[in-house]
Structure formats: C-alpha cells, structure tokens
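Biologist: Can you walk me through this one? I'd like the surface to start with.
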Amino acid sequence: MRATIKMIAERAGVSIGTVDRVLHDRPYVKEEVRRRVLEVMEELDYQPNRVASALATSGMARHFAIIQPTWESYVGEAMAAGVAKFRQDRQDYNVSVTIHPYRQGRMEDCLHLLDTLAEEVQGIALCAADCPQVRQKLELLAERRTPVVTFNSDIAGARRLCYVGEDAHHAGRVAGDIAAKFLRLGDRILLVYADHGYAGHKGRADGFLERLAERGLRQEDCRVAETHDNYDETLAAVTAALAEEPDLKYIYMANRSVPACMEALRGAGRMGQVRVLAHDNSPETRTFLREGLLDFIIDQNLTYQSRKALSLLFDAVVEHRTPERDCFYPESPILTAENC
C-alpha cells in the first residue's frame, strides 16, 4: 500500500501539518522532529505525489550543473542522452541543467568551474580526478550545503553526496580473471590506462593486477602505460611495447584509446596475434569485436550515470531525500562478438 502523509504523521507522532512543513522544507520545525519525520518517510518509502510536488515547487527555480571532461563521440553522446532523459523525467518541475566541460587533465579549469558555479547552482554532478585540490573544493561546497554527486569516476571519502558509476575495481578484477584464463606464468602483458589520478581507471588497473596475482601470475610480467586517454600517447606506448616485447601475449585497454591500440597492432603486423580486452561498447569497439580483433568488452551504462546523478541531486534538493546508499553501480556486462 502506498504510504500517505497521514500514515507518516501517525508513525512519527506529529500532525499532518508538521509533515507537510518537513516535506516542503518550511521553517518552524524542530531539528529533532524534522529528522524523525524524514526517517519515517524513508522507512515507509514515501513517494510524493508527482503532480502535487510539481505544483508546490514550480515557482522556485532550481539549477543543476554538470562538470565533466570534454567527452567526444560515443561517451559524450551517451552522457548527453542521460541528461535529456532527466530533463524529460522532470519536465513538470522548474529545474534546469547546464553542462560545463573542461579538457581532460586541465584540473585548474575544473577547479575554476567549481568556484564559479558554487554561487549559481543548487547542486553539482562532478566527474574529476581525485586530488587534494578537488577534495578541498568539495569540503567548501559541503559547508555551503551545495550537494555534489560524483559520477563516472569517484572521489571516495570526500564530502560528496554519493557516487554513480562503474565499480571500477570490480571491473578490473573481472578483466584480470578473463585474462588469466589465456595466460601462463611468465607471459608478458600490457596494461594501458589513463593515469593514477583518475580514480575510475586506477581502480580498473588495481583490480586487474590484484586478480592476476590471485590467479598465480606475477605483477612484474605486466608492463603498465599511463597514456591519459590520448590517442597519440596510446599509439606510441603500444607500439613501443610491441617492439620491445616480441612475446607480448595480452593487452588490457583500461582506457578509451582502443583505436590507437588497433593501429599499433596493425603497424607491427601483430593483429590477431595478441589478445585484447577493452571497456565500453562504443561503435569502434563493437566493430573491432565483430571483426575478431578484440576478444571481449566490459561495458558500463553511461546514460544511466548522468541521469541517475541528476536524479539524486533532485531528490536531495527538491524532495529533501538523502541517497539510500553511498554508491550506485550500473551493470557491467561482458560482451563478445555474439552479443555486442
């Protein structure tokens, strides 16, 4: 049975008017009472009437910002689709969303956006590197009571509301488990990821190496390259590895520069001779998978990430509901040529 305001009032031992004031964040409610009412709402899984809530909030504009790297093609399109779905979901509310990209690796630009938007928005969805400067900004935003949801790459333990995105460490362990099935002790491996500051890619790399070790393979047999999701850097790193490691057996592409890896393999005449596992179901990786040039893809639902991050901000700002957990992970299906 759907919970009602009357049921909440009875359970919390307050009047219906008090529940209404808590629901719409009105003054003259003791903090202890407010907390008790919110706890009962959560216990009963109370879902406010959408039309009534829209009418109650339509006169108060809320503005959310997305701060993210400049994602091109597939990733940018998938994330934008999530934003579009959120706008459609909340079209009855006076809520707006703007996207503020910064160039990957230009953390000073990200920090500037956090400073600028702190005065203008009621909530921020953030994808950024995990570094002391960003953590400090999150502290300041928390003190201002501006909620921040991290997405795609987490800043664990920082003053953010919650995280939405791939469980990167687990995805890396899955990659390591798959790779171990094709490797023997002493086989040479190449791991390519963005850099250690980008928590999503670092999590993949750590999980991959961890699982290989558990399967009896040695970390010293794995060559690691940080290429910052850059095509040219990835091409150079894979080309060098192929030249210097004639017995290279396996490449784990933990970043998005898979076409550069394919070009390096083609240039070295090693296409089809080295097994390759990658992430994300982009048009390019799907083509490589169907052609037999990639062995597996570990996917993640990018559209879910931006949509869910904004939905959680909406719940916190408009409906005063805190997330029920710290991390929201989409599924990470394993794709082959037969199911991509």
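Modeller: This is a predicted model. The chain exposes about 16,300 Å².

Biologist: What about charges? How far apart are the mean positions of the positive and negative ones?
Modeller: They are 4 Å apart. The chain has 43 positive and 51 negative charges.

Biologist: Switching to the fold. How many helices and strands?
Modeller: There are 13 helices and 12 strands. The C-alpha trace spans about 75 × 40 × 35 Å along its principal axes.

Biologist: Pick a helix pair for me. How do α10 and α11 cross?
Modeller: Helix α10 covers residues 231–244 and helix α11 covers residues 258–267. Their axes come within 8 Å and cross at roughly 35 degrees. The crossing is right-handed.

Biologist: Which residues make that contact?
Modeller: From α10, Y231, T234, L235, V238, T239 and L242. From α11, P259, A260, C261, E263, A264 and L265.

Biologist: Now R204. Where is it found?
Modeller: R204 is in helix α9, residues 199–214.

Biologist: Buried or exposed, and why?
Modeller: R204 counts as buried because its relative accessibility is 3%, and the cut-off for buried is under 20%.

Biologist: What is R204 in contact with, leaving aside neighbours within four places in sequence?
Modeller: Its contacts include E166, H169 and D280. Y252, N255, H279 and Q300 are also among them. A168, G172 and A254 complete the list.

Conventions: Residues are numbered from 1 along each chain as its sequence is written. This is a predicted model: local features need pLDDT of at least 70, side-chain atom pairs count only at pLDDT 80 or more; totals for chains, interfaces and linings use all residues. Side-chain values use heavy atoms; hydrogens and water are left out. Helices (H or I, at least four residues) and strands (E, at least two) are DSSP runs, numbered from the N terminus. Accessible areas come from the Shrake-Rupley method with a 1.4 Å probe; for residues, only the protein chains shown count as cover. Lys and Arg count as positive and Asp and Glu as negative; His and the chain ends are not counted. The place of a charge is taken as NZ of Lys, CZ of Arg, CG of Asp or CD of Glu. Axes are lines fitted to C-alpha atoms, for helices over the stretch in contact, and angles run from 0 to 180 degrees between N-to-C directions. A crossing is left-handed if the near helix is turned anticlockwise from the far one by less than a right angle, and right-handed if clockwise. Contact means heavy atoms within 4.5 Å. Buried means under 20% relative accessible area, exposed over 50%, partly exposed in between (1.4 Å probe, protein chains only).
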